[in-house]
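Please keep the sequence and the model in view while reading.

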Amino acid sequence: MHLVVVLLFLATLQLGWWQWQRAEIRGWNAQNVSYAFQWPVYGLMGLWFYSRFMRIEVERDPDAGEPHKAVALYQAPRIDTTGDPELAAYNSYLAELNEKVLRQRRS
């Protein structure tokens with residue numbers, strides 16, 4: 001992955017240089033000049049994001065992703081008993097399934 005990031009950074013530098021040469025050939029219009037500066041900025045942003053993600057990964061606690069340490073907040077579903085009786089029956093069925101899954105997770 002390091003190699004891909006370095007190659008992409010070098011590609012953005014090359015694209016910036018190409019855009020600069022294009023500005024020299026076609027005239028110094030704002031679009032070509034701004035792109036000539038934007039490509040290296042995009043490359044630097046990519047390096048910064050990659051280094052930031054790598055730093056986060058190195059500092060990450062390896063046990064933080066364990067399911068037993070995760071906090072799960074649960075709110076009992078509210079069953080709508082007004083209106084359509086078929087909808088109320090379906091909601092009741094879904095609530096039963098939800099309770100069954102929660103009981104399996106606890107044991």
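Helix α3 covers residues 85-106; the distance from the first C-alpha to the last of its 22 residues is 32 Å, close to the 32 Å expected at 1.5 Å a residue. The expected span is taken as 1.5 Å times one less than the number of residues, and helices are DSSP runs of H or I with at least four residues, numbered from the N terminus, strands being runs of E with at least two. The buried residues of α3 are Ala88, Ala95 and Leu102; here buried means under 20% relative accessible area, exposed over 50%, and partly exposed in between, with a 1.4 Å probe and protein chains only. Viewed down the helix axis, these buried residues of α3 fall within an arc of 45°, so they line one face of the helix. The arc is that of the directions from the helix axis to the C-beta atoms. On the face of α3 turned away from its buried side are the exposed residues Glu86, Glu96 and Gln104.

The model is predicted: local features need pLDDT of at least 70 and side-chain atom pairs count only at pLDDT 80 or more, whereas totals for chains, interfaces and linings use all residues. Residues are numbered from 1 along each chain as its sequence is written, and side-chain values use heavy atoms, with hydrogens and water left out.

The protein chain as a whole has three helices and zero strands, in the order α-α-α from the N terminus on. Of its 107 residues, 12% count as buried. The chain exposes about 9200 Å², of which carbon and sulfur atoms supply 63%; accessible areas come from the Shrake-Rupley method with a 1.4 Å probe, and for residues only the protein chains shown count as cover. Among contacts in the chain with a separation of 6 or more, 41% are between residues 24 or more positions apart, a contact being heavy atoms within 4.5 Å.

Helix α2 comprises the 30 residues 30-59, which should span 44 Å at 1.5 Å a residue; its end C-alpha atoms lie 43 Å apart, which agrees. Its buried residues are Asn32, Ala36, Gly43 and Tyr50, and α1 (2-26) is included in what covers them. Which residues does Gln19 contact, leaving aside its neighbours within four places in sequence? They are Asn32, Tyr35, Ala36 and Trp39. Gln19 lies in helix α1 and, at 5% relative accessibility, counts as buried.

Aromatic rings form a further theme. A search of the whole structure finds four aromatic pairs. Rings of Phe, Tyr and Trp (its six-membered ring) pair if their centres lie within 6.5 Å; planes under 30 degrees apart count as stacked, over 60 as edge-to-face and the rest as tilted. In one of the pairs, the ring centres of Trp39 and Tyr42 are 5.9 Å apart and the planes stand at 85°, so the pair is edge-to-face. Trp39 and Tyr42 are three residues apart in helix α2 and therefore separated by about one helical turn. Trp39 is partly exposed at 28% relative accessibility, and Tyr42 is partly exposed with a relative accessible area of 42%. The rings of Trp48 and Phe49 also make an edge-to-face pair, because their centres are 5.1 Å apart and their planes at 70°. Phe49 is partly exposed, its relative accessible area being 40%. One aromatic cluster is formed by Trp20, Trp28 and Phe37.
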